[in-house]
Amino acid sequence: MKVNITRVRRAAGETAQFDLEEDFPPFEFASETISFLSPVHVQLRVHNTGKLLLAQGIVVTELKAVCGRCLEDFRYPMNLSFEDEWVYAPSATEEQQESAFLFEKDEFMINERILEQIVLALPMKFVCTPNCQGLCQLCGANLNREKCRCVTSEADPRLAGLAKLTLDD
C-alpha cells in the first residue's frame with residue numbers, strides 16, 4: 001500500500017484521503033499461521049497539524065483463524081480504527097523518533113504499519129463463538145458437534161487416595 005503525501009506534507013492544515021486495498025501474505029502470531037481470507041482495505045485520512053502528519057484510518061479484512069477451544073478453523077472479521085503520527089525524519093524530535101512513524105520520501109509503503117495495527121488488535125486467543133464448548137479433556141471430541149461418552153468422576157483428584165480405602169481397613 002503506497003501513499004504519496006507530497007501535497008499534504010508541504011502545507012499545514014492540509015488533509016488528504018486515501019482508499020487502499022491490497023492482498024497481504026500470511027503471518028505468524030503466537031506460534032500460529034494467520035492468513036487473510038480477503039484483501040486488506042484501508043480508508044486513510046492524513047492531516048498536517050503543522051508539526052506532524054496525523055494519520056487516522058479504518059482497516060477492514062477477514063482472517064482465517066483457529067479456535068483456541070475447539071481447534072476448528074473459522075472466519076475472523078476485523079474492522080478496526082487506528083491513529084498514527086507520521087513525521088518527516090530530518091525534522092523529527094528525539095521523542096518523535098521513539099514513538100512516531102518516520103519517513104524520508106513523500107511516497108512510501110505503509111504495509112508494515114498496517115500489519116502492526118492488525119496484530120495489535122488481535123485477541124490473545126481466538127474463539128470461534130463466545131459459547132464454544134471446546135474439546136473433551138479425555139477423548140478429544142468436539143463438544144460443539146457431539147456429546148462424548150466419557151465417564152467422568154467429579155471427585156477432587158487430591159482425594160483420589162481416599163477412594164482406594166475400603167470400610168474393611
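Author: What follows is a description of strand β7 and the parts that meet it.

This is a predicted model, in which local features need pLDDT of at least 70 and side-chain atom pairs count only at pLDDT 80 or more, while totals for chains, interfaces and linings use all residues. Residues are numbered from 1 along each chain as its sequence is written, and side-chain values use heavy atoms, with hydrogens and water left out.

Strand β7 covers residues 73-88. Helices (H or I, at least four residues) and strands (E, at least two) are DSSP runs, numbered from the N terminus. Two strands pair if DSSP finds at least two bridges between them.

On one side of the pairing is strand β6 (residues 53-66), which runs antiparallel to β7 over 14 bridges. Within this pair, K64 stands opposite R75 of β7. The hairpin of β6 and β7 has six residues between the strands, and L71 there takes a positive phi near 65°. Strand β7 also pairs with β8 (residues 101-103), this time in parallel, through three bridges. Here V87 faces L102 of β8.

A salt bridge is a side-chain nitrogen of Lys or Arg within 4 Å of a carboxyl oxygen of Asp or Glu, and the structure holds nine of them. In one, E62 and R75 bring their closest N and O atoms to 2.8 Å. This pair links distant parts of the chain, with E62 in strand β6 and R75 in strand β7, 13 residues apart. Another salt bridge joins R145 and E72, at 2.7 Å from N to O. It too links distant parts of the chain: E72 is in the loop between β6 and β7, and R145 is in the loop between α3 and α4, 73 residues away.

Buried means under 20% relative accessible area, exposed over 50%, and partly exposed in between (1.4 Å probe, protein chains only). R145 is exposed, because its relative accessible area is 63%, whereas E72 is partly exposed at 28%.

β7 and α2 (94-99) each supply at least two residues of the patch, and α2 gives the most, with three. E83 lies in β7 and is exposed, because its relative accessible area is 53%.
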